[in-house]
Amino acid sequence: MVMGDLLTFTDRGIWCAAGDFHIDPWRPVARALLTHGHSDHARPGMGRYLCTDIAAPVVRHRLGAISLDTVVYGEARRIGDVTVSFHPAGHVPGSAQIKVEHRGEVWVASGDYKTVDDGLSTAFEPVGCHAFITESTFGLPVFRWPDDATLAAALNSWWAGNAAAGRVSLLGAYALGKAQRLLRLIDPAIGPVLTHGAIEATNGVLRAQGIALPATQRVTSETRPRDHPGALVLATPSALGGPWARRFSTEGAPAATAYASGWMALRGVRRRRAAERGFVISDHADWDGLTGAIQATGAERVFVTHGYTAVFARWLQSQGYDARPVATAYEGESLDAAEPGGPAEPGA
Amino acid sequence: MKGFAALYSRMDQTTRTGAKVAGLVDYLREAPEADRLWCIALFTGRRPRRVVQAALLRDWAAEQAALPLWLFEESYAIVGDLAETIALILPPPSRATDRSLTDWIALIRALPALDEAARKAAILDAWDSLEGMERFLFIKLLTGGFRVGVSAGLLTRALAEATGQPAATIALRLMGNWAPESTTYARLITDPAPQADLSRPYPFYLCHPLESEADLGDPAGWAAEYKWDGIRGQFILRGGTHHLWSRGEELMTDRFPELAVLADWLPDGTVIDGEVLAWAEGAPLPFARLQQRIGRKSVPRRLLAEAPVTLMAYDLLEHCGHDIRAQPYDARRALLQDLIDTVPPAAPLRLSPLLPTTDLAAARAGAREVQAEGLMLKRRASPYLAGRKKGDWWKWKVAPLTIDAVMIYAQQGHGRRATLFTDYTFAVRDGDAYVPFTKAYSGLTDAEFGQITKWVRANTLQRFGPMRQVPPAQVFEIAFEGIAASPRHKSGVALRFPRMLRWRQDKPLAEIATLDELREILRLHG
Ligand SMILES: [Zn+2]
Ligand SMILES: [Zn+2]
């Protein structure tokens with residue numbers, strides 16, 4: 001019997017014919033395996049779901065009453081004719097690369113990933129395979145992330161400087177992953193930390209599953225900035241640009257704003273945001289992270305999804321890979337995302 | 001350079017004037033004097049000239065990063081800035097240095113004396129010891145492309161605050177023909193008796209756009225003139241020598257040699273504010289004719305005959321050696337009139353005529369007939385102020401020309417809008433064909449650009465590098481200030497200042513303009 005590809009790309013998502021399931025589908029299917037809970041990868045309307053035990057609470061929080069089964073990292077599951085297992089992707093807590101094996105042929109769909117250990121998510125582990133599906137959100141050699149120690153120093157001196165000047169520090173970050181990562185980088189001794197509702201909801205879910213985070217207070221309609229001098233306010237990027245953020249500015253002491261995103265590596269994007277600071281931090285791999293991860297898989301075939309797909313695939317071809325770009329509905333890191341109430345957070 | 005890089009970041013990342021001034025004041029108080037001087041020079045556009053070709057820098061950077069050129073180019077297309085692309089793709093530095101801004105500029109200025117191999121070695125060495133913003137600024141200085149979003153007025157304010165001098169004094173000190181190589185911070189800014197520089201112009205007074213005629217109050221208090229469409233200039237005659245300055249503080253004397261004869265007729269100690277216009281037989285020539293002369297340092301005889309210029313005088317700032325800017329407009333204008341009356345009519349100097357203020361709207365509507373951009377309204381009692389001050393001078397531009405057209409290509413923006421499709425090519429209809437006639441990249445909100453970006457992604461027909469061909473479907477109203485025949489363009493026309501006035505989602509494709517209609521606009525307004 002002549003076999004087709006183990007995983008193929010359909011208008012619904014990444015499909016495994018031999019196992020009759022989809023990975024991160026964007027249209028309704030009977031059985032969905034999820035790499036992680038960001039809304040461009042985890043969508044409502046699937047018959048049943050499978051994700052890691054660590055990712056499950058956020059997925060439940062966002063998708064509500066669904067039929068959800070969980071696995072632990074490394075656990076092998078037989079589905080149809082294939083064996084699947086979930087391996088750490090280092091993107092957000094519980095995020096996974098999904099390994100699919102069939103008669104000795106191994107494919108890995110990596111969802112979103114980063115290779116540096118953020119101390120929050122289970123650290124990325126390379127998984128050997130024949131074919132690898134990679135993202136390419138930051139798949140250009142201009143993207144290179146600073147290390148966490150450099151970031152923490154910059155972040156804390158910015159916050160401390162604002163606090164000393166009597167200004168509130170407003171920091172824009174995604175509700176799932178980025179916000180919690182920032183919470184672990186900041187020095188809570190500098191001042192109180194307030195959070196936007198969407199972020200605090202995610203904090204609550206993660207704390208309940210045993211992930212340690214510093215104390216935070218949710219911003220409500222009663223929150224008055226003068227009750228929290230020198231506070232750091234974590235908000236979703238879309239809230240930062242809107243009326244929600246205005247309450248933190250007073251005459252003579254406008255709030256200092258900053259964004260935390262990989263896009264902050266580009267001066268033009270920083271300027272467009274008119275933020276006083278841009279912290280270059282992403283839960284997606286940078287150029288070295290992407291190229292290093294792909295090399296470590298030993299894969300011959302590489303499928304490039306969301307991001308600079310065409311350019312990155314061409315680079316991989318020049319390095320001897322059988323690589324091609326693939327169109328999907330995943331969105332990558334966005335600074336312009338509206339974020340109505342958290343669960344509908346567009347891709348991160 | 002660390003201090004200068006920090007200053008640049010502060011200027012770059014805030015739009016708040018107060019924050020910019022505060023950052024500059026800190027720097028101008030704390031930096032070494034030599035660095036202060038270079039900071040002032042760079043912030044007023046006195047940047048070192050380019051010493052290495054951009055293509056060489058690109059090649060060396062790609063080589064250092066071990067990346068193919070096509071990947072460099074793809075990255076450049078997204079980043080939108082050569083210096084930034086190089087700064088980002090180079091490997092991290094292997095060591096740190098703490099050289100001053102002045103030091104780095106000295107290194108750059110020494111490069112032309114070296115052969116290419118030594119030049120390359122010096123630059124690679126510098127790259128390997130600089131990081132982030134410092135590396136970016138070093139490359140900007142290398143390519144002669146340093147720019148900063150700080151106005152002359154803002155720098156003046158900061159210097160005034162840092163040194164305790166009146167802003168007007170600082171503004172005068174900063175104008176004119178000084179160079180950082182041949183002066184010092186003390187001589188330029190703080191010495192009590194600066195050398196009287198005979199060529200030094202006054203700061204230009206700039207106008208604000210008028211929103212509504214009602215803002216003027218009683219029209220009798222106002223003088224109306226055309227807003228001429230040429231090059232604003234200040235003509236200075238002192239000590240028997242004349243100078244012509246542009247608003248951008250560029251000396252244009254040699255570009256317009258025909259104005260030299262005015263020195264024979266005007267008294268010494270005369271400074272006139274006016275507009276340089278290409279002019280023949282009592283009327284302005286199209287702006288395109290003047291444009292031929294702008295880029296040239298000297299003018300061939302043929303061009304002098306084809307596009308002769310005149311100075312259309314607006315105002316008199318210095319009279320018989322006295323600064324008369326504090327006198328009211330009416331008084332200055334009367335003196336100007338007297339001066340011009342002594343100059344023969346054939347000389348390249350005329351007085352910008354006053355228009356009746358009884359029907360300003362009608363006067364504005366007539367401006368296009370004399371190729372003016374609209375009206376200038378000046379309060380009769382007002383002094384001549386420095387810089388952009390609201391209230392006494394207004395410009396009231398004629399409504400732009402417009403045409404409905406369809407987008408046929410879209411290109412990703414760069415820099416501020418790297419993630420959006422913002423640069424569009426527009427076409428008019430010619431039978432069944434669509435003929436491209438202009439590009440435009442401004443005029444829409446970020447939200448609209450976002451919507452169109454989604455549409456472009458979903459409807460791409462073909463890619464040509466960073467350009468995408470899309471089906472003719474999205475209709476836009478294009479506004480522009482002028483139109484000229486252009487054999488280089490397929491449509492045969494070139495527009496001046498085209499921009500998107502609005503996205504006409506209400507307009508069907510069948511209603512866009514035709515090539516014939518475009519040609520008719522050219523016939524009427526070209
Ligand atoms: Zn993703
Ligand atoms: Zn994600």
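**Figure 1. A salt bridge between B:Glu481 and B:Arg499 in the predicted model**. The side chains of B:Glu481 and B:Arg499 meet in a salt bridge, with 2.8 Å from N to O. B:Glu481 is located in the loop between β19 (475–480) and β20 (482–485) of chain B, and B:Arg499 in strand β22 (residues 499–503) of chain B, so the pair ties together parts that are 18 residues apart in sequence. B:Glu481 is buried, its relative accessible area being 18%, whereas B:Arg499 counts as partly exposed at 22% relative accessibility. A search of the whole predicted structure finds 42 salt bridges over all chains.

Figure 2. B:Arg232 and B:Asp273 form a salt bridge through their side chains (2.7 Å, N to O). B:Arg232 counts as buried, at 14% relative accessibility. B:Asp273 counts as buried too, at 0% relative accessibility.

**Figure 3. The contact between domain 1 and domain 2 of chain A**. Chain A is divided into domain 1 (7–142 + 283–325) and domain 2 (148–279). Nineteen residues from domain 1 of chain A and 17 residues from domain 2 of chain A take part in the contact. The C-alpha centres of these two domains of chain A lie 30 Å apart. About 1,500 Å² is buried between domain 1 of chain A and domain 2 of chain A, and carbon and sulfur atoms give 67% of this area. On the side of domain 1 of chain A, the residues that lose the most area to domain 2 of chain A are A:Leu120, A:Phe138 and A:Asp283, together 33% of what that side buries. Five residue pairs are in polar contact between domain 1 of chain A and domain 2 of chain A. By class, the side of domain 1 of chain A that touches domain 2 of chain A has nine nonpolar, five polar and five charged residues.

**Figure 4. Salt bridges around A:Asp283 and A:Lys114**. One salt bridge is found across the interface of domain 1 of chain A and domain 2 of chain A. A:Asp283 forms a salt bridge with A:Arg181, and the closest N and O atoms are 2.9 Å apart. In another pair, A:Lys114 forms a salt bridge with A:Asp118, with the closest N and O atoms 2.7 Å apart. A:Lys114 counts as buried at 1% relative accessibility, and A:Asp118 counts as buried at 8%. Salt bridges that share partners join A:Lys114, A:Asp118, A:Asp148, A:Arg181 and A:Asp283 into one network.

**Figure 5. The interface of chain A and chain B**. In this view, 26 residues of chain A are in contact with 30 residues of chain B. The area buried between the two chains is about 2,600 Å², of which carbon and sulfur atoms give 57%. A:Val142, A:Arg267 and A:Arg272 supply 25% of the area that chain A buries against chain B, more than any other three residues. One salt bridge is found across the interface of chain A and chain B. The side chains of A:Arg267 and B:Asp12 meet in a salt bridge, with 2.6 Å from N to O. Five residue pairs are in polar contact across the interface of chain A and chain B. Elements that give two or more residues to the side of chain A that touches chain B are α6 (267–273), β17 (277–279) and α8 (309–318) of chain A. The largest share of that side, six residues, comes from α6(A). The residues of the side of chain A that touches chain B divide into 14 nonpolar, two polar and 10 charged.

**Figure 6. The surroundings of B:Thr143**. B:Thr143 is placed in the loop between α9 (132–142) and α10 (152–163) of chain B. B:Thr143 is buried, with a relative accessible area of 17%. A polar atom of the side chain of B:Thr143 lies 3.2 Å from the backbone oxygen of B:Lys140. Apart from its neighbours within four places in sequence, B:Thr143 is in contact with B:Arg50, B:Leu57 and B:Leu82.

**Figure 7. Positive phi at A:Asp24 and at B:Ala66**. A:Asp24, although not a glycine, has a positive phi of about 45°. A:Asp24 is found in the loop between β3 (21–23) and β4 (31–33) of chain A and counts as buried at 2% relative accessibility. B:Ala66, likewise not a glycine, has a positive phi of about 55°. The loop between α4 (54–65) and α5 (69–79) of chain B holds B:Ala66, which is exposed, with a relative accessible area of 62%.

Terms used:
Residues numbered from 1 in each chain as written. Chains lettered and ligands numbered in written order. Predicted model: local features only at pLDDT ≥ 70, side-chain atom pairs only at ≥ 80, totals over all residues. Heavy atoms only, no water. Domains from an automatic or database assignment. Contact = heavy atoms within 4.5 Å. Buried area = accessible area lost by both parts, 1.4 Å probe. Salt bridge = Lys/Arg side-chain N within 4 Å of Asp/Glu carboxyl O. Polar contact = N/O pair within 3.5 Å; in protein donor to acceptor, adjacent residues only side chain to side chain. Nonpolar A, V, L, I, M, F, W, Y, C, P; charged D, E, K, R; others polar. Helix = DSSP H or I, 4+ residues; strand = E, 2+ residues; numbered from the N terminus. Buried < 20%, exposed > 50% of the residue type's maximum accessible area, 1.4 Å probe, protein only.
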